[in-house]
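Here is a short report on a single structure.

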Amino acid sequence: MKLPGNITALLACMGIILVTFIAVSVFDIVLAVLNPRFYSVAAFIVTFGVGGIFAGTIAYTNCISLFEVKNEKARWTLIGFIILIGMLFLFPLSKLEGGEYGPAFKAFGITLAASSLLFAKGKPE
């Protein structure tokens, strides 16, 4: 079954964000194991915050080219979708997790949503 180009772009965007989140989680575990003496809650939150920035920028730059027609509607659809996924990390997923990963989910969601706004001005390419 062939999906329309816009849905394919949004699914690719979601996949990139989830893969980046998993990569940041693995990096966080490796960082905690290799350097436990200097690892703190602040480092934990900052790691996921920086991961959210990378996820937002990588998802936008790779997925805008997958849209069939690259115009303002495509750009704002992608930005809105990234913000929506960031809000999902911020509100329901961080509340469902509820434990020590709650602040990490919130940091990832906030920076994911905010980083997509970097592309609010300009032309889709």
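## Burial and cysteines

A residue is called buried when its relative accessible area is under 20%. The model is predicted. C13 has a relative accessible area of 0%, so C13 is buried. C63 is buried too, at 1%.

The disulfide count is zero. C13 takes part in no disulfide; its nearest cysteine sulfur belongs to C63, 4.7 Å away. C63 is likewise in no disulfide, and its nearest cysteine sulfur is that of C13.

## Aromatic pairs

The count of aromatic pairs is 10. One of them joins F21 and F105. The rings are edge-to-face, 5.1 Å centre to centre, with 70° between the planes. F21 sits in helix α1 and F105 in helix α4 (residues 102–116), so the pair ties together parts 84 residues apart in sequence. F21 is buried at 11% relative accessible area, and F105 is buried at 13%.

F21 also pairs with F108, again edge-to-face: 4.9 Å centre to centre and 70° between the planes. F108 lies in helix α4 and F21 in helix α1, so this pair ties together parts 87 residues apart in sequence. Both F21 and F108 are buried. One aromatic cluster is formed by F21, F44, F48, F89, Y101, F105 and F108.

## Surface patch

I22, V26, I29, V30, V33 and L34 make a nonpolar surface patch of about 590 Å². V26 belongs to helix α1 (residues 5–34). V26 is partly exposed, with a relative accessible area of 48%.

Terms used
Residues numbered from 1 in each chain as written. Predicted model: local features only at pLDDT ≥ 70, side-chain atom pairs only at ≥ 80, totals over all residues. Heavy atoms only, no water. Patch = residues over 30% accessible without salt bridge, like charges linked within 9 Å, V, L, I, M, F, W, Y side chains within 5 Å. Areas by Shrake-Rupley, 256 points an atom, 1.4 Å probe, with all protein chains shown as cover. Salt bridge = Lys/Arg side-chain N within 4 Å of Asp/Glu carboxyl O. Helix = DSSP H or I, 4+ residues; strand = E, 2+ residues; numbered from the N terminus. Buried < 20%, exposed > 50% of the residue type's maximum accessible area, 1.4 Å probe, protein only. Disulfide = S-S within 2.5 Å. Phe/Tyr/Trp six-rings, centres within 6.5 Å; stacked < 30°, edge-to-face > 60°.
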